[in-house]
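Subject: Structure handover

Dear colleague,

I am passing the structure below on to you, and my notes on what was found in it follow directly after. Please read them alongside the sequence.

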Amino acid sequence: MTPPLSPDSILQTGLAFWASKTLLSAVELGVFSQLADGPLAFEALQTRLGLHPRSARDFLDALVALGFLRRTDRTYANTPETDLFLDRAKATYVGGLLEMANHRLYPSWGQLSEALRSGEPQNELKTGGPGLFEVLYADPQGLEEFLAAMSGISRGANQTIARTFPWQQVRTFVDVGTAQGDLAVQIALAQPHLSGIGFDLAPVEPIFASYVERHGLAERLHFAAGDFFQQPLPAADVVLMGHILHDWDLPTKRMLIGKAFEALPTGGALVVYEAIIDDDRSKNAFGLLMSLNMLIETPGGFDYTGADCMGWMREAGFSSTRVEPLVGPDAMVIGVK
Ligand SMILES: C[S@@+](CC[C@H](N)C(=O)[O-])C[C@H]1O[C@@H](n2cnc3c(N)ncnc32)[C@H](O)[C@@H]1O
């Protein structure tokens, strides 16, 4: 007998933004940072957070029910995960991504239907303003927030690439669009024989330099300032591009893969990684939603399948290509010259 149909999953996804926005507001208000020094009684926490009495208990108890806080009697505490990843004072903080989701993506995603009809981004570009990167680079705090957010979203994949790529015969690498430099840092930490370059726009340099310095890697990791639309990529045995290609339209994707080919010696490798969509385009929901996020944020960006990327690599001249899983929705596409 077939079980009766249920609307549960429809309703769960339809109202998932309630839970999402509750978590985003908790990060914005600093709930997890306030609790990082230890549990707090309800009244103390309410006062520290500046919450109106009407919904303070509902808000905090919703966070308990969602699994982000623990409560004993009337005292609230972080869970091990929220303590490690959502306390702003810790190096393991991943809330930068959620801060960006809260103040930038949440309002823009409210216009998704319009974006789907028009094919146009729904951020500053909509009113004739500058593009995503110009906006970020005009505001030093916004830039730092974005780059830290990228480290948060990328760290698991970065550590996997650092461990699993065959680095034995490699001496040098360049990370294109390096942001804070977390991929370069993770590779250098795991592979002490390697030296690397982080390539990015000039305003990123101080942020990269202080991140690399914090990890004690300034001798082996250097910054190269450049614009990949204007300049060739620095030469290296391995070229890496994390969350770069999906920002751009197809001609730009091809141009960047071509520049990577030029920067590599024969036998060198291009490693492209992000939320690579499965070839059947039916399983990697995160990758497909990420592509909608590119619609919201960029004029021509989109995510793509492993087969798509291997095809572009072969057109550029790469002789062998393969796709390897990383963590969660991420995979890397490797092209060997
Ligand atoms: C989405 S972030 C990816 C950061 C990092 N690779 C990661 O995966 O976490 C894109 C990066 O590309 C850089 N970028 C954007 N336009 C660029 C350009 N024209 N030349 C060089 N880098 C650029 C940005 O500054 C940013 O650091």
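Leaving out neighbours within four places in sequence, V271 is in contact with I161, F165, V238, L240, M332 and I334, where contact stands for C-beta atoms, placed from the backbone, that lie within 7 Å. This is a predicted model, in which local features need pLDDT of at least 70 and side-chain atom pairs count only at pLDDT 80 or more, while totals for chains, interfaces and linings use all residues. Residues are numbered from 1 along each chain as its sequence is written.

V271 is also, together with I161, V239 and L270, among the residues with the most contacts inside the largest nonpolar core, which has 84 residues. Such a core is a set of buried Ala, Val, Leu, Ile, Met, Phe, Trp, Tyr and Cys residues joined through C-beta atoms within 7 Å, and a residue is buried if 20 or more other C-beta atoms lie within 10 Å of its own, exposed if 12 or fewer, and partly exposed in between. Helix α10 (residues 140–164) gives the largest share of this core, nine residues; helices (H or I, at least four residues) and strands (E, at least two) are DSSP runs numbered from the N terminus. Because domain 1 (8–85) and domain 2 (95–336) both give residues to the core, it lies between them.

**The two domains**

The bounds of these domains come from an automatic or database domain assignment, and the C-alpha centres of domain 1 and domain 2 lie 32 Å apart. Four residues from domain 1 and six residues from domain 2 take part in the contact.

**The sheet**

Three strands form an open, antiparallel sheet in the order β1-β3-β2, with strands taken as paired if DSSP finds at least two bridges between them. β1 (40–41) and β2 (69–72) stand at the edges with a single partner strand each, so one side of each has no neighbour in the sheet. Two bridges join β1 to β3 (residues 75–78), and the bridge partner of A41 in β3 is T75.

**D308**

D308 is placed in helix α15 (residues 306–316) and counts as partly exposed because it has 19 C-beta neighbours inside 10 Å. The C-alpha atom of D308 is separated by 9.5 Å from that of I277, although the two residues are 31 residues apart along the chain.

With best regards

Methods
Two residues are in contact if their C-beta atoms, placed from the backbone, lie within 7 Å.
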